[in-house]
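Reader: I would like to learn how to read a protein model by its packing. Please take the features in turn.

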Amino acid sequence: MFRLSQFIARLRSDAAVRERVPAPDGRGVRPVVIWNLVRRCNLTCLHCYAHSADHQFPGELTTAQALEVLDDLKGYGVPALILSGGEPLLRTDLFELAAHARPMGMHLALSTNGTLIDDAMVGPIAGAGFDYVGISLDGLGATHDRFRRRQGAFEASLRGIRLCRDAGLKVGVRFTLTRDNAADLPGLLDLTAREGIDKFYLSHLNFAGRGNTNRGSAAMRETTRRAMDLLFERALADAEAGSRREYVTGNNDADGVYFLHWASRRFPGRTADVRAALERWGGNATGIGVANIDSLGNVHPDTMWATHTLGNVKERPFSEIWAGADREDPIMAGLRSRPRAVGGRCGTCGHLAICNGNTRTRALRTSGDVWGEDPGCYLTGGEIGTPAPNPPQEMRHAS
């Protein structure tokens, strides 16, 4: 995750921009854990990475097993836990699990589509003490409904956002950028400001689950660049106006390199400092600073790696699986290497120390080579300092 607002705040200050970088091999680093508690969902979104549907899936963790996992995560020192799905509000023991996790000192977040949050539901959510509630909006009105494949989904999700906000919860909008909804980004940013929403998270489309099936809608390179320019300027304007709204991006670590070029133009005296800070940030953290547990208890390098399993928490504790993953699994060994042994444009990029090879699942899905170039990189050859050709104007790939 690229915490844009933090970088902009430090750019505007006299202090040097600082970011902690994980150890190259992941040892000593405790990951943020994204836990897909349940696969069931009341929606069937076009870009769902979990292939969720509105029915029960067999083999999911029992309450007792989930509580044991929570105890292990606490003992391992996991700093943050994101409870996701499917739709986590469909898991009947969600609030029991949240109550168990709350005193553990982890940052506790809820990731939901928001449609089930009504007057009756918001009280238990607020009472659970979540530090953050993230709700997805894929555009405005009809655009969101089309992506969510449910008429009225936008109004239901917006109602959920407002209820969480009014209950005093920190709430944020998540938006997955594609060529089919990019035109809604300015209006969605306006809505975020108008509604007093605390956070805006722009996610680039990753090729997993139905997101892989629908990857032909990945945003065009120039569309992505315009979207990032807009986001950078909005974040800067908010900071200058004294707003505490946060802007973050995810699933495309080329954002850090693109930000370096933007910052070099907007704050020309800070280029070296920004570059050093971005290298400390370290880019893609799959297998190092982020981990995933799915509803069956399978452990993955992150949420986009459902096809690659490192172990199962029903059989071994998460802490044991994660600590030894690079010794037991060649892909994890490669993910934890620095620099990563990536090829193509990524291998010749002059900013590999910033983005860390970007998202490996896109490379795998498009070329069959997990260490090939990430086709989601939207920077030109000149911007990444490589003689390799520019990426295509439109990210279309063979299935």
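Author: Start with contact, which means heavy atoms within 4.5 Å. Asn 356 touches Gly 282, Gly 283, Asn 284, Ser 337, Arg 338 and Arg 340, leaving aside residues up to four places away in sequence. This is a predicted model, in which local features need pLDDT of at least 70 and side-chain atom pairs count only at pLDDT 80 or more, while totals for chains, interfaces and linings use all residues. Residues are numbered from 1 along each chain as its sequence is written, and side-chain values use heavy atoms, with hydrogens and water left out.

Reader: Where is Asn 356 placed among the helices?

Author: Helices are DSSP runs of H or I with at least four residues, strands are runs of E with at least two, and both are numbered from the N terminus. Asn 356 lies in the loop between helix 16 and helix 17 (360–367). In space, its C-alpha is 9.1 Å from that of Glu 279, although the two are 77 residues apart in sequence.

Reader: Is Asn 356 buried or exposed?

Author: Buried means under 20% relative accessible area, exposed means over 50%, and partly exposed is in between (1.4 Å probe, protein chains only). Asn 356 has a relative accessible area of 2%, so it is buried. Another loop residue is Ile 288, between helix 11 and strand 8 (290–293). Ile 288 is buried too, with a relative accessible area of 5%.

Reader: What does the secondary structure of the protein chain come to, and what share of its residues count as buried?

Author: There are 18 helices and 10 strands. Of the 399 residues, 59% count as buried. For contacts between residues at least 6 apart in sequence, 72% join residues at least 24 apart.

Reader: Which residues of helix 11 are buried, and where do they sit around the axis?

Author: For this, take the directions from the helix axis to the C-beta atoms; the arc is that of these directions. In helix 11 (residues 271–281), the buried residues are Asp 273, Val 274, Ala 277, Leu 278 and Trp 281. They cover an arc of only 135°, so they are on the same side of helix 11. Their cover includes helix 1 (4–11), helix 10 (254–266) and helix 16 (352–355). Just after helix 11, Gly 282 has a positive phi of about 90°.

Reader: Which residues are buried in helix 1?

Author: Leu 4, Ser 5, Phe 7, Ile 8 and Leu 11 are buried in helix 1. Seen down the axis, they fall within an arc of 160° and so line one face of helix 1. These buried residues pack against helix 9 (221–240), strand 7 (246–250), helix 10 and helix 11.

Reader: At what angle do the axes of helix 10 and helix 11 cross?

Author: Axes are lines fitted to C-alpha atoms, for helices over the stretch in contact, and angles run from 0 to 180 degrees between N-to-C directions. Under 35 degrees counts as roughly parallel, over 145 as roughly antiparallel, 65 to 115 as roughly perpendicular, and the rest as oblique. The axes of helix 10 and helix 11 come within 9 Å and cross at roughly 165°. The two helices are therefore roughly antiparallel to each other. On the helix 10 side, the contact has Gly 256, Phe 259, Leu 260, Ala 263 and Ser 264, which meet Thr 271, Val 274, Arg 275, Leu 278 and Trp 281 in helix 11.

Reader: How do the residues of that contact of helix 10 with helix 11 divide by class?

Author: Ala, Val, Leu, Ile, Met, Phe, Trp, Tyr, Cys and Pro count as nonpolar, Asp, Glu, Lys and Arg as charged, and the others, Gly among them, as polar. The contact of helix 10 with helix 11 divides into six nonpolar, three polar and one charged.

Reader: How do helix 1 and helix 10 pack?

Author: Helix 1 and helix 10 pack at about 25°, with their axes 12 Å apart. That angle makes helix 1 roughly parallel to helix 10. Leu 4, Phe 7, Ile 8 and Leu 11 of helix 1 make the contact with Phe 259, Trp 262 and Ala 263 of helix 10. By class, this contact has seven nonpolar, no polar and no charged residues.
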